[in-house]
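Visitor: I should like to learn how to read the features of a protein model, step by step. May we go through one together?

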Amino acid sequence: MERRQSDGPGQTRTSHGCKQRFEAERGGPAIACSPTPISRLLGSESDPDQAAHSTDGQERGPRRHPGCWKMLTVAMCMALLGCLQAQELRGHVSVILLGATGDLARKYLWQGLFQLYLDEAGKDYSFSFHGAALTSTKQGQAFVAKVLESLSCPEDVAPDRCAELKGQFQRLSAYRHLATSEDYVALSKDIEAQVQHGGLREAGRIFYFSVPPFAYADIARNINSSCRPGPGAWLRVVLEKPFGHDHLSAQQLATELGGFFREEEMYRVDHYLGKQAVAQILPFRDQNRKALDGLWSRHHVERVEIIMKETVDAEGRTSFYEEYGVIRDVLQNHLTEVLTLVAMELPHNISSSESVLQHKLRAFRALRGLQKGSAVLGQYQAYSEQVRREQQRPDSFRSLTPTFAGVLVHMDNLRWEGVPFILMSGKALDERVGYVRILFRNQAYCVLSDERWVADQSQCLPRQIVFYIGHGELGSPAVLVSRNLFRPSLPSESWKELGARPGLRLFGRPLSDFYAYRPVREQDAYSVLISRIFHGRKDSFVTTEHLLASWGFWTPLLDSLAHEVPRLYPGGAENGHLLDFEFGGAQLCFSQQQPEQLVPGPGPAPMPSGFQVLKAKYRESPLISAWPEELIAKLADDIEATAVRAVRRFGTFHLALSGGSSPVPLFQQLATRHYGFPWAHTHLWLVDERCVPLWDPESNFQHLQTHLLQHIRVPYYNIHPMPVHLHQRLCAEEDQGAQTYASEISALVANSSFDLVLLGMGADGHTASLFPQSPSGLDGEQLVVLTESPSRPFQRMSLSLPLINRARKVAVLVMGRVKREITMLVSRVGHEPKKWPISGVLPSSGQLVWYMDYEAFLG
Ligand code: BG6
């Protein structure tokens, strides 16, 4: 580090080297007793760091004259005690930046610490900043000196004053080589000596981990064992992502860190929480409560877009990126954090970290589980080649890591149910921009011709609120509110109205359509967060609970997509519309088909619609076979026709539905394409159920609820879930759940004869929850039985075979290649329900129809 013999302006150097600074402009004193100036006075031989290391950074053995150095320090600082005691300081804060010579430190963290010093040093606290790394002392000092020289002041600080402030900060900052546990002990002692001899009270220590996660455990152990401050002072450790790779690894890392630090001591950084527009979401919602109260819900919001587009690619970082990909790198953390800030219930007091964190956690818990179809993935074309080059992979290597993802998220709560939250991020896209856009529904009709629509009067213009995170056309963070919504209130000391920018259009509208605000002073995210660490604002950081909740949400999707081939895109503007996507229900898909995926070789590939529905016989009953899409469409049509006939004849339609995955597309088809279905007169029954609570994702009823019930209008009293959960226990014989269900059927279904029972066929020949070698339910009087399954959950409830066979119509749906073998087998066997329960399905007076897709039927 550069050595300075004289102090900068605005400081009075005492003859002993500790400094009392009067910051006239700030109106308050900032006092520091830093080891660096002392060691400078003593010359390089007495510098504790330099004494321990040669100039090339090699360990030289024990320090020279450590006792002498300490005595001198003590003597000098004691002499100053009188003058220091005159200052009324709340305490001294030591900031230890670990990884001080790294990229993040160079680009953002030193600047953030300087900003902290500028903001706080005049207000009762004194500081010292210790840059630490494994780099040799000489190199580290040179590096840090260079970085400190490049620090900048806010625009409103005059150059002279800036130089003076930088000088002060430089004198408070020192580099030290920090590697062994002895180094940590020495660091702690130096801080103690500094505080004690300066006559200061230690307020706290901040350890900023700007190091790779594999280094966490060692550093954490050292801090915990020898660098904790004494009683009454706080410890804050700041951690940078990645915080694990999935739920399990995040949990392991959290447990490991939990062995060293208390939850309140850990500050996990998500730098998006420090972006000014993101940090403004809650205050904005708070300050505009009145206007937003009626607007911030599913009744008014059409969709929410949370977007982070980048033009850069992953070149130079592929070793990290290969392991993470865009979902782990950006969506799991940055975009999810933003999503929760938009979606969470607003606490009464947003300045209470605890309430904010609690409300945020509830938002996490309301996230509906994602399925494979909730995401689209892409990869820029040059990516695999970059990985091959950077990681010496063979020419044949093709990466599956997505560099682009669009994900459709839904929340299961009354405020947001049904509102699509679109999360999207990608590398090598056409522009760099980040924003959260809340688009409101438009329910107005405007009589005046659209040329006469005036931005702040016409209800027909789009209504939107945008938290513009940065870059893009605007080039700065901003908050935009359509003029036809309301004039927002923002704190005038930190946000000002944006000047006119003629010709600038955002989100399809001229800028003049919005009330638009930008920060009075633009601040980097890290500066914002460092200030919040200092103020102990835990709500700007990721707690262990939040972290695990987020991984809990993303991990199943990541698992299901692990082998998915991402769509290749050329990068930049050339992407055209290739990555555009659209959604319907819970599914997301690319808007454009990728031609090469449809046509694998020369000549046109057969299209599913080119095939006819095949009619034949299977086990002497009608068989309908087709490609899956046609098959499901045909089955849905047949069910609707049966329902319409039943309602016409009897006034009601009793439909019993099976669980499992095969009927899911059928439910979706019924939910989205069958507007003529007589739902109001339909009773829905369950063919079988797993002995889990009805809200459990494994429950058949939950499947039905997710894919069908929530999209249609069936009277509540027409829905008949199986009573598997009674008296707080599951499927206990003594609770008589099976008998209760049977009574309900007898009471409501004429002759206990369902109009239609939909069954499936398991690969072992089971149907409903009647399993081979399980005696119950195959014959006898019982209408509903408890059974045992060979796979989890073992306990089940099921309609019995005799009850199924009383139905007017039974449809058996069999889909997929995995069913091929059992389909072949069952086609040959006779009536052997003990071995193959499906072979016992034969309605006594009703009709049986098999619906099989080609894969199941033809292989
Ligand atoms: C980081 C990701 O967390 O955020 C990077 O690891 C990404 O891949 C970066 O480029 C984007 O941050 P910003 O602040 O440039 O939007």
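Guide: What follows is a guided reading of this predicted model, from the whole chain to single residues.

Visitor: Let us begin with the overall picture. How many helices and strands does the protein chain have?

Guide: The protein chain contains 25 helices and 36 strands. Of its 859 residues, 56% are buried. Among contacts with a separation of 6 or more, 76% join residues 24 or more positions apart.

Visitor: How should I think about the buried nonpolar residues?

Guide: In soluble globular proteins, nonpolar side chains tend to be buried together. In this model, the largest nonpolar core has 126 residues, and Leu-98, Phe-209, Ile-223 and Phe-421 touch the most other members. Helix α13 gives the most to this core, with 11 residues. A second, separate core holds 78 residues, including Tyr-618, Leu-670, Ala-738 and Leu-803.

Visitor: With which residues is Leu-98 in contact, leaving aside its neighbours within four places in sequence?

Guide: Among them are Ala-132, Leu-178, Tyr-184, Phe-207, Phe-209 and Ile-223. Two of these contacts, Phe-209 and Ile-223, are named with Leu-98 among the residues that touch the most other members of the largest core.

Visitor: I turn now to strands. What should I expect of the side chains along one?

Guide: In a regular strand the side chains alternate between the two faces of the sheet.

Visitor: Which strands pair with β26?

Guide: Strand β27 (residues 682-686) runs parallel to β26 and is joined to it by five bridges; within this pairing, Phe-653 stands opposite Thr-682. Between β26 and β27 the chain passes through helix α20 (residues 663-673), in a right-handed β-α-β crossover. Strand β32 (residues 756-760) is also parallel to β26, with two bridges, and Leu-655 has Leu-756 as its bridge partner there.

Visitor: Is strand β36 largely enclosed or open, and why?

Guide: Strand β36 (residues 847-853) is largely enclosed by the rest of the structure, because six of its seven residues are buried. Strand β35 (residues 809-814) pairs with β36 in the parallel sense over six bridges, with Val-812 opposite Trp-850. Strand β25 (residues 621-626) also pairs with β36 in the parallel sense, over four bridges, and Ser-625 has Met-852 as its bridge partner. Together, β35, helix α24 (residues 820-828) and β36 form a right-handed β-α-β unit.

Visitor: How may I check the length of a helix and find its covered residues?

Guide: An α-helix has 3.6 residues a turn, so residues three or four places apart point the same way. For helix α14 (residues 353-365), 13 residues at 1.5 Å a residue should span 18 Å, and the end C-alpha atoms are 18 Å apart, which agrees. Its buried residues include Val-356, Leu-357, Lys-360, Leu-361 and Phe-364. The elements covering the buried residues of α14 include α11, α13 and α17.

Visitor: Finally, how do I read residues in loops? Is Glu-265 buried or exposed?

Guide: Relative accessibility gives the reading: under 20% is buried, over 50% exposed, and values in between are partly exposed. Glu-265 lies in the loop between α9 and β9, and its 3% relative accessibility means that it counts as buried. Its side chain makes a polar contact of 2.8 Å with the side chain of Arg-228. Beyond its sequence neighbours within four places, Glu-265 is in contact with Arg-228, Leu-235, Arg-236 and Val-237.

Visitor: And what of Glu-264?

Guide: Glu-264 is likewise found in the loop between α9 and β9, but at 47% relative accessibility it counts as partly exposed. The side chains of Glu-264 and Arg-262 are joined by a polar contact of 2.9 Å. Thr-543 is 279 residues from Glu-264 in sequence, yet their C-alpha atoms are 8.6 Å apart.

Visitor: Which loop holds Tyr-717?

Guide: Tyr-717 is in the loop between α21 and β29, and at 67% relative accessibility it counts as exposed. Its C-alpha atom is separated by 9.6 Å from that of Leu-684, 33 residues away along the chain.

Note on methods. Residues numbered from 1 in each chain as written. Predicted model: local features only at pLDDT ≥ 70, side-chain atom pairs only at ≥ 80, totals over all residues. Heavy atoms only, no water. Buried < 20%, exposed > 50% of the residue type's maximum accessible area, 1.4 Å probe, protein only. Pairing = 2+ DSSP bridges. Right-handed = clockwise from strand over helix to strand, strands pointing away. Expected span 1.5 Å × (residues − 1). Contact = heavy atoms within 4.5 Å. Polar contact = N/O pair within 3.5 Å; in protein donor to acceptor, adjacent residues only side chain to side chain. Core = buried A, V, L, I, M, F, W, Y, C linked by side-chain atoms within 4.5 Å.
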